[in-house]
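I opened the model today to look up a few side chains and the helices around them. My notes follow in the order I took them.

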Amino acid sequence: MFTAAAVGLVVAMALALARALMGPTLYDRILSVNTFGTKTVLILAVVGFLFGRPEFLDIALAYALINFIGTIAVLKFFKYGDLGGTGS
């Protein structure tokens, strides 16, 4: 059952990667990269469960935080052109 979930996640990751490569706008590409990161978190959790390694969940949570902060930083950079400013 979890193997089928892992295969489904890999297929979803491939589709997100395809959208990132051919997305019509910058925001479509950023959204697809964020989706790819979310699917990576899910696949880490599933692989950790399949192999009986609960510490993979800690890695998945850390990666989720990095993915979220990275997405916000990239969006701020492309909107304002600066990461350090206040945006006004």
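**Entry 1: charged pair.** I began with Arg 53 and Glu 55, whose side chains meet in a salt bridge, 2.5 Å from N to O. This is a predicted model, so I read every distance here as a computed one. Side chains of opposite charge can pair when their charged atoms come close. I then searched the whole structure, and the search finds one salt bridge.

**Entry 2: helix α3.** Next I looked at helix α3, which covers residues 55-80. I noted 26 residues in α3. From first C-alpha to last, α3 reaches 38 Å, close to the 38 Å expected at 1.5 Å a residue. Just after α3, Gly 81 takes a positive phi of about 80°.

Which residues of α3 are buried? I found Ala 60, Asn 67 and Thr 71. What covers these buried residues includes α2. I took Asn 67 as my example, since Asn 67 lies in α3 and its relative accessibility of 14% is under the 20% cut-off for buried. Leaving out residues up to four places away in sequence, Asn 67 touches Val 33, Asn 34, Gly 37 and Thr 38. An α-helix has 3.6 residues a turn, so residues three or four places apart point the same way.

**Entry 3: nonpolar patch.** Which helix gives the largest share of the patch? The answer is α3, with seven residues. I also noted that α2 and α3 each supply at least two residues. Leu 75 has a relative accessible area of 30%, so I logged Leu 75 as partly exposed.

**Entry 4: Ser 32.** I moved to helix α2, residues 26-50, where Ser 32 lies.

**Entry 5: Ala 20.** That sent me to Ala 20, which is placed in helix α1, residues 2-22. Ala 20 counts as buried because its relative accessibility is 15%, under the 20% limit. With residues up to four places away left out, Ala 20 touches Arg 29, Ser 32 and Val 33. How far apart are Ala 20 and Val 33? I logged 13 residues in sequence and 6.2 Å in space, C-alpha to C-alpha.

**Entry 6: cross-check.** I put the contact lists side by side. Val 33 is on the list for Ala 20 and on the list for Asn 67. Ala 20 belongs to α1, and Asn 67 to α3.

Definitions and conventions
Residues are numbered from 1 along each chain as its sequence is written. This is a predicted model: local features need pLDDT of at least 70, side-chain atom pairs count only at pLDDT 80 or more; totals for chains, interfaces and linings use all residues. Side-chain values use heavy atoms; hydrogens and water are left out. Helices (H or I, at least four residues) and strands (E, at least two) are DSSP runs, numbered from the N terminus. The expected span of a helix is 1.5 Å times one less than its number of residues. Buried means under 20% relative accessible area, exposed over 50%, partly exposed in between (1.4 Å probe, protein chains only). Contact means heavy atoms within 4.5 Å. A salt bridge is a side-chain nitrogen of Lys or Arg within 4 Å of a carboxyl oxygen of Asp or Glu.
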